[in-house]
Amino acid sequence: MPQLLILEKVTLQQLTELGDQIAASLNQRQGFRLGESTVISSCLHRTTHLHPGEIRILVDRDAGIELAHRQTPGQIIHVDIFHAPAVVKHQPLVQIMNETIQAYLSLRPEKPSGFDDLMQSYAERIYLETGTGSGNLIELLAGSTGDGSPPKPRRKNHVQLLLDRFAAADMAVVSCLVDAVETELAANSVEIRKVDKIAHVEKKSKQPAPAYLFGLEPDKYQLWDTATTLTTMLSGPEDVIEFLQAFMPGMFNRKQPLSKLRNKHGPMRDFVIGLTNAGLIRRGWFADTLTKEGQELLEFVMLHQRELESQMRKLLRQVPVPSTKYQSERNTSLKSSQKHYAYTSKTTTPLKNAWLGSIAVSETIVQAAKNRFLQKRSTPLVTREDIKVHETVMSKPVDVCLVIDGSASMAGPKMKAVWQLAEHLLLTTRDRIAVVLFQHHKARVVIPFTRNYTQLKLSLRSSMRPNGLTPLADGITEALQLIKNRHVRNPLLVLITDGVPTFGKWTIDPRKDALRAAAMVPLSRANLICIGVASNQEFLKELAHQAKGSVYIVEDLEDKSTLIEIMHQERKYQRL
């Protein structure tokens, strides 16, 4: 009797518990990530070339209806086992899956009288697809591959299983089958592909970019979608141009080597693989180069750089939902005592109990037109629900100085998250933004307090190249000196670092010097908050205590949405 290989890694009790977890997720219409390579759900799964580590579960696309032509949803369980692109032969997988089912059934405490019937039932309800054939196990064991004709071998990036009418008690065998397939792939030198995360999304109908905005022909919409995606990932159209030019055919056509871009964007292996799968880059023995489609994309981005820049600013103005949690400790004395600076502005809101003399006429007419269309009114009347009124809003300006760790460990996504935080604050608030960078042996003012978006963006990209040590004490004192020499309103210092100080200012003890510099903050007009990672939280808490400030501990400094959420919370507190 064949042996169940998975029992070399887990106990029978753990296998049963794992099956229960899978069943519970499926009952809640949620996907389940099994191990590093496998995604299980009752919906369709999708991958994107530009996010190769993310698997999207389309919650409004049932796998049984879409793939097995069933009339009732929830009958089919969809299992994808992801691997590097390869032609995977189905025959060895069929054999090892059949042996796995036999071994699994033999472990049952009570041997069923109809063992062969149960084996056949499983084999009829398990559908397998690889690049060389597809069908249920019964058909594939008999040598049939669907329509009877041998298919042309295809390179694929996953092995697909469809499980028909599997009950909760059957879920333990799913883990056994996945383990057997992974073992067979490894035996054939097929690399298992890691799934970084799964996302539950709805498959919405695609809306093309309006031609009247960009003057695009319909066949250019796909280029626009790809260009906007790359612009978002690389933080700007000029970064997309710089990146694509590093793959231009011909050594002398490349503006700079790819090695320099790694400092700016971080590890790019998966990103380059994604562009290769999208047909934009061709892998070569000596160098990777742009394909014809990749060169067309580069020309498109260069032609529509201004429109892409506008789209990027629109995205930066949005406040994203943070994907990670953070811990915070607030010092109650952080609130600023400066009240004499204030902005007065007007906003429009729906009419409640406001005085009618404050009606916003133009906004009311626009709202009435919208409601008339949406509610299909027969007469062009203005109703009470259409009325918009002016409200006066008082707000206190906060001048924000970002004190940024520019050491080598901040290279790549961490530094890009800081760029996007600074640009978001400038675009969504009326505050002035300054940036102080500390790296090597000293700190420097990269950007003095400004409201100029172009100046901020250019300075961030040209001057902030992570490298060297962490002179934290000099970063704090340089920021305090900047505040002292400027007419600054309610200054807020925001220290962002992923490490601890490694270079001192007054002594050979970097930590002692950093705490001494933090103690100077309460003597100035500034407040300070620290944002860092869990591994350094004890030091950051001590630093914040010396500065009579607050500390935020995040899971990952690469998550710009969490940084933005923290800053919006702090700005609300500063305005109290």
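Predicted model: local features only at pLDDT ≥ 70, side-chain atom pairs only at ≥ 80, totals over all residues.
Local features were taken only at pLDDT of at least 70 and side-chain atom pairs only at pLDDT 80 or more, while totals for chains, interfaces and linings use all residues. Residues are numbered from 1 along each chain as its sequence is written, and side-chain values use heavy atoms, with hydrogens and water left out.

A nonpolar core is here a set of buried Ala, Val, Leu, Ile, Met, Phe, Trp, Tyr and Cys residues joined through side-chain atoms within 4.5 Å; buried means under 20% relative accessible area with a 1.4 Å probe, protein chains only. The largest such core holds 44 residues, of which Ile40, Val79, Met97 and Phe166 touch the most other members. The greatest contribution to this core, ten residues, comes from helix H6 (residues 171–187). Helices are DSSP runs of H or I with at least four residues, strands are runs of E with at least two, and both are numbered from the N terminus. Another core, of 38 residues, lies apart from the largest one and includes Leu425, Tyr552, Val554 and Ile566. In soluble globular proteins, nonpolar side chains tend to be buried together.

Contact means heavy atoms within 4.5 Å. With residues up to four places away in sequence not counted, Val79 touches Thr38, Val39, Ile40, Val159, Gln160, Leu161, Leu163, Val174 and Val178.

Strands are taken to pair if DSSP finds at least two bridges between them. An open sheet of three strands has the order E3-E4-E9, with mixed pairing. Strands E3 (43–48) and E9 (197–201) form its edges, each pairing on one side only. Strand E4 (residues 51–62) is joined to E3 by six bridges in the antiparallel sense, and Arg46 has Arg56 of E4 as its bridge partner.

Strands E16 (residues 433–439) and E17 (residues 442–450) run antiparallel and are joined by six bridges. Leu437 is partnered by Arg444 in E17. The two strands form a hairpin with two residues between them, and His440 in the turn has a positive phi of about 55 degrees.

Helices H3 (residues 90–106) and H4 (residues 115–125) have axes that come within 10 Å and cross at roughly 135 degrees. Axes are lines fitted to C-alpha atoms, for helices over the stretch in contact, and angles run from 0 to 180 degrees between N-to-C directions. H3 is therefore oblique to H4, given that angles under 35 degrees count as roughly parallel, over 145 as roughly antiparallel, 65 to 115 as roughly perpendicular and the rest as oblique. The contact involves Asn98, Ile101, Gln102, Tyr104, Leu105 and Ser106 of H3, together with Phe115, Leu118, Met119 and Tyr122 of H4.

Note on methods: Buried < 20%, exposed > 50% of the residue type's maximum accessible area, 1.4 Å probe, protein only.
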